[in-house]
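Welcome, and thanks for stopping by. Here is a short briefing to read alongside the sequence and the 3D view.

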Amino acid sequence: MAAVASYTKNGKEKEASILKPKLKPSLHWKTRIAVSFLSFISNTVRRRDGTINRRLLRFFDFTSPAKPSPVRGISSSDVTVDPSRNLWFRLFSPSPAVSPSGMPLPVIFFFHGGGFTFLSPAYFVYDAVCRRLARKLPAIIVSVNYRLSPEHRFPSQYDDGFDVLRYVDGHPSELPQEADLGRCFLAGDSAGANIAHHVAVRASNSSFEAVRIRGIISIQPFFGGEERTEAEIRMPVAPVVTVDWTDWCWKAFLPEGEDRDHWAANVSGPNAVEVASLERFPAVLLFTAGFDPLRDWQKRYYEWLRRSGKEAELVEYPNTIHTFYLFPELPESGQMISEVTDFVARRAL
């Protein structure tokens with residue numbers, strides 16, 4: 001079993017590490033092949049001038065169609081929100097085989113990763129992750145297709161995420177009858193977790209008819225800043241995420257002329273949008289990994305939330321990498337699902 005340490009709102013360790021951190025990440029051979037392939041694609045399609053070769057990227061666009069007929073107890077469909085900006089979401093719904101018919105289910109708004117630049121809810125790994133979440137929790141999953149940079153820079157992604165919340169709030173019939181909009185969560189990985197945070201800030205300043213945000217599930221959020229942290233210096237070329245890759249993505253996403261201390265990136269830095277006064281800002285469950293160059297920025301986020309008086313829980317997996325949750329063969333992936341299930345159950349009461 002992999003090492004794991006988790007921390008409560010007050011920073012008290014609630015589960016000791018089972019194993020000491022290793023010198024190299026513990027990866028299944030399948031994961032190593034997949035990681036090498038993903039890194040190859042990312043490095044091949046990025047241009048030095050800050051643009052993306054979308055034409056070439058389409059050759060590697062391995063997508064899964066929506067499946068209205070249940071597969072392993074989960075059906076899916078694509079719902080259009082605004083065709084003018086290709087704003088839509090993939091809806092994942094458990095069948096009675098997974099969840100008894102009529103049983104109220106929490107709703108999770110999920111934002112995929114990819115540095116604000118790559119991927120979509122239809123990409124096969126995200127389709128699989130959302131199916132897994134819908135089945136294991138169980139829950140209704142709303143996986144958001146937001147606009148991508150550099151063609152659409154900040155704040156397009158935040159606008160799209162918030163507008164999907166508004167749309168669902170105004171069109172509850174788009175979701176299954178079992179969907180309990182009084183028990184909603186914002187979830188995301190990497191850049192998607194960044195989006196989840198900023199959408200939560202907007203939602204805390206807004207009113208909704210039915211939607212109630214109970215928590216944020218923040219999986220290795222993509223945060224940064226001008227400073228080079230210890231993890232970035234020690235691991236400039238880590239699996240999946242390199243410092244060069246993150247610098248490129250920030251430059252492609254942030255407004256022209258802005259540096260990485262912009263409040264969208266350095267959420268806990270000198271230009272941060274404060275959350276201390278936001279009474280409706282929800283509790284956060286945060287996941288980090290030992291071999292992720294972003295881990296120091298993620299832990300700063302956790303500490304900043306605590307200083308701001310917000311409820312936050314930190315779960316650390318010392319022996320794995322960025323995007324570990326995408327690979328079900330890794331033990332930490334299953335452990336994360338269990339932590340999420342427990343968090344949703346506690347926050348949805």
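A search of the whole structure finds 23 salt bridges, each one a side-chain nitrogen of Lys or Arg within 4 Å of a carboxyl oxygen of Asp or Glu. This is a predicted model, in which local features need pLDDT of at least 70, side-chain atom pairs count only at pLDDT 80 or more, and totals for chains, interfaces and linings use all residues. Residues are numbered from 1 along each chain as its sequence is written, and side-chain values use heavy atoms, with hydrogens and water left out.

**Charged pairs**

- Side chains of opposite charge can pair when their charged atoms come close.
- Arg-54 and Glu-151 meet through their side chains in a salt bridge of 2.9 Å, N to O.
- That pair links distant parts of the chain, 97 residues apart: Arg-54 is in helix H2 (residues 54-57), while Glu-151 is in the loop between strand E6 (140-145) and helix H4 (156-170). Helices (H or I, at least four residues) and strands (E, at least two) are DSSP runs, numbered from the N terminus.
- Glu-151 is partly exposed, at a relative accessible area of 44%. Here buried means under 20% relative accessible area, exposed means over 50%, and partly exposed lies in between (1.4 Å probe, protein chains only).
- Glu-313 and Arg-346 form another salt bridge, with their closest N and O atoms 3.0 Å apart. This pair also links distant parts of the chain, with Glu-313 in strand E10 (residues 312-321) and Arg-346 in helix H9 (residues 331-347), 33 residues apart.
- Glu-313 counts as buried because its relative accessibility is 8%, whereas Arg-346 is partly exposed at 34%.
- Arg-346 has a salt bridge with Asp-342 too, at 2.9 Å, N to O. Both residues lie in helix H9, 4 residues apart, about one turn of the helix.
- Asp-342 has a relative accessible area of 36%, so it is partly exposed.
- A network of salt bridges links Asp-82, Arg-85, Arg-147, Asp-160 and Asp-163.

**Aromatic rings**

- A pair of aromatic rings is described by the distance of the centres and the angle of the planes.
- The whole structure holds 21 aromatic pairs. Rings of Phe, Tyr and Trp (its six-membered ring) pair if their centres lie within 6.5 Å, and planes under 30 degrees apart count as stacked, over 60 as edge-to-face and the rest as tilted.
- Phe-154 and Tyr-158 form an edge-to-face pair, 5.7 Å centre to centre with 85 degrees between the planes. Phe-154 is buried at 17% relative accessibility, and Tyr-158 is buried at 1%.
- Phe-154 also pairs edge-to-face with Trp-263, at 5.2 Å centre to centre and 80 degrees between the planes.
- The partners sit 109 residues apart in distant parts of the chain: Phe-154 in the loop between E6 and H4, and Trp-263 in the loop between helix H7 (243-253) and strand E9 (283-291).
- Trp-263 counts as partly exposed, at 29% relative accessibility.
- Ring pairs join a cluster whose members include Phe-116, Phe-154, Tyr-158, Phe-222 and Trp-263.

**Charges over rings**

- The charged end of Arg-166 sits over the ring of Phe-208, 4.7 Å from its centre. The criterion is NZ of Lys or CZ of Arg within 6 Å of the ring centre and within 35 degrees of the ring normal.
- Arg-300 lies over the face of Trp-297, at 4.7 Å from the ring centre.

**Cysteines**

- The structure holds 0 disulfides, a disulfide being a pair of cysteine sulfur atoms within 2.5 Å.
- For Cys-130, the nearest cysteine sulfur is that of Cys-184, 15 Å away.
- Cys-130 is buried, with a relative accessible area of 0%, and Cys-184 is buried at 0% as well.

**Strand E7 and its neighbours**

- Strand E7 (residues 179-189) is mostly covered, with 10 of its 11 residues buried.
- Strand E5 (residues 105-111) runs parallel to E7 and is joined to it by 7 bridges. Two strands pair if DSSP finds at least two bridges between them.
- Phe-109 has Leu-186 as its bridge partner in E7.
- E7 also pairs with strand E8 (residues 213-219) in the parallel sense, over 6 bridges. The bridge partner of Asp-189 in E8 is Ile-219.
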